[in-house]
Amino acid sequence: VVVKYNGTPLEPDGGVYTIPNVRNNIGISEGDPEITVEGIKLNNYYITLPLESGTGFTIEVGKDADGNPLNAKSVLSGTDFNFKFFLDPAYSDSIPTIKVSRDGGDNYTVLSAQNGNEYIINGVLSDCIVVVENVKKNTYTVKFLDDEGNVDETVTDVEYGSSVEYPGESE
């Protein structure tokens with residue numbers, strides 16, 4: 001690490017950098033002397049996202065060199081991480097909960113959608129894990145009517161895309 005005062009390197013004394021003889025503001029207004037620090041390497045942190053296959057949703061953050069969706073993303077310390085969340089049609093009635101753990105443990109914070117389907121993890125300062133809950137396949141109720149229009153039989157919990165058979169007797 002190199003610390004400079006107005007372009008001149010300072011030497012640390014016991015790990016402390018001292019600016020001698022301060023006579024005006026430093027780094028406040030244009031034209032003031034400046035303090036610069038060079039050679040600092042910021043940490044990269046990983047955002048781990050749920051795998052997409054068969055889950056009822058898609059998360060978009062980009063793709064790898066082979067065109068496969070990423071499920072982990074490296075983020076520079078202190079930056080924001082954005083991703084988009086989409087429910088598959090068979091799960092469109094779900095009200096998902098999207099949470100992030102910033103400590104890798106069981107402490108989760110619920111994220112709120114921004115601009116429709118965009119989510120933001122602000123100021124990433126550690127590895128994060130994103131979890132999606134409450135995504136369930138749509139189910140429907142089917143009512144079979146008799147010749148007079150009265151309900152003859154009812155079938156509940158028919159999953160999206162599945163077939164349903166008349167449960168009564170055929171004539």
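**Exercises around Thr-97**

Setting aside neighbours within four places in sequence, Thr-97 is in contact (heavy atoms within 4.5 Å) with Val-110, Val-131, Val-132, Glu-133 and Asn-134. Keep in mind that this is a predicted model: local features need pLDDT of at least 70, side-chain atom pairs count only at pLDDT 80 or more, and totals for chains, interfaces and linings use all residues. Residues are numbered from 1 along each chain as its sequence is written, and side-chain values use heavy atoms, with hydrogens and water left out.

**Exercise 1.** Work out which side chain makes a polar contact with the side chain of Thr-97.

*Solution.*
- Start at strand E8 (residues 97-101), where Thr-97 is found; strands are DSSP runs of at least two residues (E), numbered from the N terminus.
- The partner is the side chain of Asn-134, at 2.9 Å. A polar contact is a pair of N or O atoms within 3.5 Å; within protein, one must be able to donate a hydrogen and the other to accept it, and residues adjacent in sequence count only if both atoms are side-chain atoms.
- Asn-134 sits in the loop between strand E11 (128-133) and strand E12 (139-145).
- Now check its backbone: phi of Asn-134 is near 65°, a positive value in a residue other than glycine.

**Exercise 2.** Find the salt bridge of Lys-99 and say whether Lys-99 is buried or exposed.

*Solution.*
- Lys-99 pairs with Glu-133 (3.1 Å, N to O); a salt bridge is a side-chain nitrogen of Lys or Arg within 4 Å of a carboxyl oxygen of Asp or Glu.
- Glu-133 lies in strand E11 and Lys-99 in strand E8, so the pair ties together parts 34 residues apart in sequence.
- Lys-99 counts as buried at 17% relative accessibility, while Glu-133, at 34%, is partly exposed. Buried means under 20% relative accessible area, exposed over 50%, partly exposed in between (1.4 Å probe, protein chains only).

Key: Helices (H or I, at least four residues) and strands (E, at least two) are DSSP runs, numbered from the N terminus.
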